[in-house]
Amino acid sequence: MKFKVNYKEVFASAGGQSFDKNKPVIIFVHGSGLSHVTWVLQTRYFAFHGYSVLAIDLPGHGYSEGPSLTSMEEMGDWIAEVIDVSGIKEASLVGHSQGCLIAMETASRYPEKVKCLSLMGGGGAIPMNPELLNLAENGEAKAVDLMMDWAHGPAGHFGGHPVPGLHHINIGGTIVHNGSVKDALGVDFRACDNYKNGFEAAKKIKCPTLNILGEFDRMIPVTEGKKLADSIVDSKVVIIPECGHMILLEKADQALAILKKFIKANHPTK
Amino acid sequence: MDPKTYKFDTLSLHGGHQPDKNFGSRAVPIYQTTSYVFQDTDHAAALFNLEQGGHIYSRISNPTVAVLEERVAALEGGTGAVATASGQSSVFLTIMTLVNSGDHIVSSSQLYGGTVNLLRLTLLRFGIETTFVKPRDTEGFKKAIKPNTKLVFGEIIGNPGLEIMDVPEVATIAHDAGVPLVIDATFNTPYLCRPFDFGADIVIHSLTKWMCGHGTSMGGILVEGGKFDWTQNNKFLTMTEPYPGYHGLSFAEEFGPMAFAMRARAEGMRDFGPCMSPTNAFNILQGIETLSVRMDKHLFNTKKMLEYLSNHEGVEWVAHPDLSDHPDHKVAKKILPKGAGSIIAFGVKGGRAAGESFINAVKLASNLANVGDSKTLVIHPASTTHSQMDSETMKLAGLSEDMIRFSVGIENIEDIISDFDNGFRAAKKPRLVTNQ
């Protein structure tokens, strides 16, 4: 579905159902350079089980009009505006990687709008390797290859996509390439590197929060994820074994099962 | 700083598979089962509605076949793949996933005979028309595209004439018209060329050939590149419109760069059902494990046989894109830098009768209707693989009466040459040898 925020067109997948603002709403926020497509193995379940979902494409990503936003604070405000223009008072947020930082900003700045918060690979900061940042800002394909290498655990490097016949690393890389390495990934990486407010934002989050971490995540190691969770008042951590940073795809079924339990408990359907 | 993702030879052995968690099986297990037990009714419903990934019924997917699909997707650089019972059913599934009655296809004229018949005759019965263009006539592809054209189709290395399609140029023409380029890459395998790197959008293989490599198992596969934007125009309603077969699912919207593979499986495998057997998938996986090693030997022997045939007095002509006098030598060097495959076409002096004597005299080389076996194969296309064509279509397909199609095997090169020496002796004195 398409709608407008600040006069710019936004695309969000409603998980194959019509958006109904009278149902509890879950907003899914993707990671750096990616798009709503990464959430397909979570969104369709919720959309067909009593929820309305919005897997948004951030500005300048997927089918949403650009330009990309340049700071987590700005993106956090933007999610709050998505909630407003959707005609709802509150939503549950689910973020992945950079999407976690964005969702944390929204939850800390607009606590009344966030029912519960689910993070996948959530850390308090995502400092970037200077060479990788430089490659992405220059639109180099190598930045995508490096990102896909580091982001994936064994399922990405060897195999075992939950959907028969699909290939993790090539899908992730293609999503980034189908957008813009320079104007989406590069801008996102710079925003991640600049962001220093993660732990301060975490302290202000009052809603129930879950951080799902991958045992083999090299981008947000388990220790970093736990450190973030320790800064949030009402938080839980679940560690998925043998999983890298692309938790939502690498271990899609386990991630969905954990999300189902958490969201149904904290944001139940009527 | 370089990515540490696995390279081609490693992916050939490991892609798509991790040792089994229950028993530690290092080899890919053969899941010889039709169906899969659901955890509960909620799980079953989620699988049927594509809310979760997983296996339901082996017509639609199977764990052994899925390893093969993921491995070939890894080798090709694709987002996903669907394996089928044969290469021919992969061609059919690709077309039927994108094309409707009243639509049009532009295709290279130099194709496997079965594909020519499918496009020229069979699909016409369903209201799908094809315009054929010589693969070297790049401008011809542009001229042939109509408003109702849905895809451009071709083989990189034409069968059996070995014409080379300039994939980057044809891809640009297809994309300018808003349609995908579909490439049958059977003759090159991803070891020699990954068509996605040159602009193709969907790649098809007959896995029966070099990928399996041992002449044991039939199989085909379609692989999605993931870069084609199905939403750019209103041509691809199967990708963009809500599909009643899955509660109004829009494949392009939900699945993005894997939309085509998802639709081909969800609709095509469900409704047409050309599934690959798990045992065939296992056999083909075994073949792929040694693909790079075998292809290097195929190329080595091909080079030696080209030298031999080019200098043999009994040979009327030799065609292979690696030969400098081949009309497509330059483009072959561009897109097939390691070598243009291990099929050689040649004419035996003395015409059809001499050619038949040659084929009947060779003993190491097998006379059969296949290519890409590890064993050396020969065939006379005019009387076999392309025999169902009328003379005009044969001419269009680049066939001649004296042509022998030679699939170079990986035997010791001296033994292949010795066998061919016998063949040429027989061709020179057909009656004498035939009577021995």
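Q: How many residues does the contact take from chain B and from chain A?

A: In this predicted model, the contact takes 44 residues from chain B and 36 residues from chain A. The size of an interface is often given as the accessible area lost when the parts come together, but here the description is by residues.

Q: Which elements give two or more residues to the side of chain B that touches chain A?

A: They are α3 (63-76), β1 (80-84), α10 (251-255) and α11 (259-271) of chain B, and the largest share, 6 residues, comes from α3(B). Sorted by class, this side of chain B has 16 nonpolar, 20 polar and 8 charged residues.

Q: Into which domains is chain B divided?

A: Chain B is divided into domain 1 (8-287) and domain 2 (292-434), and the C-alpha centres of these two domains of chain B lie 29 Å apart. Their contact takes 32 residues from domain 1 of chain B and 36 residues from domain 2 of chain B. On the side of domain 1 that touches domain 2, the elements giving two or more residues are α1 (8-14), α5 (113-122) and α8 (189-192) of chain B, and by class that side has 15 nonpolar, 12 polar and 5 charged residues.

Q: What is the order of the strands in the open sheet of 5 strands?

A: The order is β8-β9-β12-β11-β10 in chain B, with mixed pairing. The edge strands, each of which pairs on one side only, are β8 (315-319) and β10 (366-367) of chain B.

Q: In which sense do β8(B) and β9 of chain B pair?

A: These strands pair in the antiparallel sense over 4 bridges, and B:Ala319 stands opposite B:Ala345 in β9(B). Helix α13 (residues 291-310) of chain B packs on the sheet, where the helix touches β8 and β9 of chain B, and its direction makes about 15° with that of β9(B).

Note on methods:
Residues are numbered from 1 along each chain as its sequence is written. Chains are lettered from A and ligands numbered from 1 in the order in which they are written. This is a predicted model: local features need pLDDT of at least 70, side-chain atom pairs count only at pLDDT 80 or more; totals for chains, interfaces and linings use all residues. Domain bounds come from an automatic or database domain assignment. Two residues are in contact if their C-beta atoms, placed from the backbone, lie within 7 Å. Ala, Val, Leu, Ile, Met, Phe, Trp, Tyr, Cys and Pro count as nonpolar, Asp, Glu, Lys and Arg as charged, and the others, Gly among them, as polar. Two strands pair if DSSP finds at least two bridges between them. Axes are lines fitted to C-alpha atoms, for helices over the stretch in contact, and angles run from 0 to 180 degrees between N-to-C directions.
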